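Student: I am new to this structure and would be grateful for a close look at a single part of it. Could you take me through the salt bridges, with the setting they belong to?

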There are 2 protein chains.
Amino acid sequence: MADHEPEYFETSSLIASDMVEGTPVFNRDGEKLGKVLNLMVNKHSGQVEYAVMSFGGFLGIGEDHYPLPWKKLKYVVARHGFVVDIDKAKLDKAPKHEGNPVPIFDAAYSAMITGYYGNGR
Amino acid sequence: MADHEPEYFETSSLIASDMVEGTPVFNRDGEKLGKVLNLMVNKHSGQVEYAVMSFGGFLGIGEDHYPLPWKKLKYVVARHGFVVDIDKAKLDKAPKHEGNPVPIFDAAYSAMITGYYGNGR
């Protein structure tokens, strides 16, 4: 969860991981979908394979976790959050896992996530 | 800073950003060099361009921040931390910035960091 002044942790090309965590996620209609729990990073390459959006639950219990392709997240300063082009109906049927453990990320899992949301922003 | 059970936020290929943050960094001699403050992620590609290691200071004041290439960080379970192949003499002369703001990350900055530490692990 970001406890820094966000403007210091962002440049034109980079954003800090701890600024991303805890940031709310809205859809294009302005509905809040959840917030970013964390980023899952490929240990070898350093590539962010997906962002985990959490929704629901209380104090971390009963949350649903939605893996979202990084490219879906667009930070919008005016909203103080990310805006994604995903409506609630789409999210209702989206791949999710409840709490822990995280699924094994392999080529098939990656293809499933990308296939569901598509490659676009 | 990680407030989860780490084992739930790691798979064979992925590691969670909030597990990385706050994790101590040791050199090969077992000396603690600092801890990971955060990861700086390319907004467009999702690539982790570098990890920021913080050292010194008190409650965030007076800390030095060292950008480290992601590939330098190797998580060692037995140490409960990252081990990097950087000795203290090397770190003494390493590129750093004190607190905020973060430097502008561009090709020249990237080349400077990679040049200093090299591409190896």
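Tutor: To begin with the setting, this is a predicted model, and chain A has three helices and eight strands. Along the sequence these elements of chain A follow the pattern β-α-β-β-β-β-β-β-α-β-α. Of the 121 residues in chain A, 45% count as buried.

Now to the salt bridges themselves. Side chains of opposite charge can pair when their charged atoms come close. Over all chains the count is four salt bridges. One of them joins the side chains of A:R28 and A:D85, at 3.8 Å from N to O. This pair links distant parts of the chain, 57 residues apart: A:R28 lies in the loop between β2 and β3 of chain A, and A:D85 in the loop between β7 and α2. A:R28 counts as exposed because its relative accessibility is 61%, over the 50% cut-off. A:D85, at 42%, counts as partly exposed.

In chain B, the side chains of B:D85 and B:R28 also meet in a salt bridge, again with 3.8 Å from N to O. B:D85 is in the loop between β7 and α2 of chain B and B:R28 in the loop between β2 and β3, so the pair ties together parts that are 57 residues apart in sequence.

A further salt bridge is formed by B:K96 and B:D64, whose closest N and O atoms are 3.2 Å apart. Here B:K96 sits in the loop between α2 and β8 of chain B, and B:D64 in strand β5, 32 residues apart. B:K96 is partly exposed, with a relative accessible area of 39%, whereas B:D64, at 14%, counts as buried.

Technical notes:
Residues are numbered from 1 along each chain as its sequence is written. Chains are lettered from A and ligands numbered from 1 in the order in which they are written. This is a predicted model: local features need pLDDT of at least 70, side-chain atom pairs count only at pLDDT 80 or more; totals for chains, interfaces and linings use all residues. Side-chain values use heavy atoms; hydrogens and water are left out. Helices (H or I, at least four residues) and strands (E, at least two) are DSSP runs, numbered from the N terminus. Buried means under 20% relative accessible area, exposed over 50%, partly exposed in between (1.4 Å probe, protein chains only).
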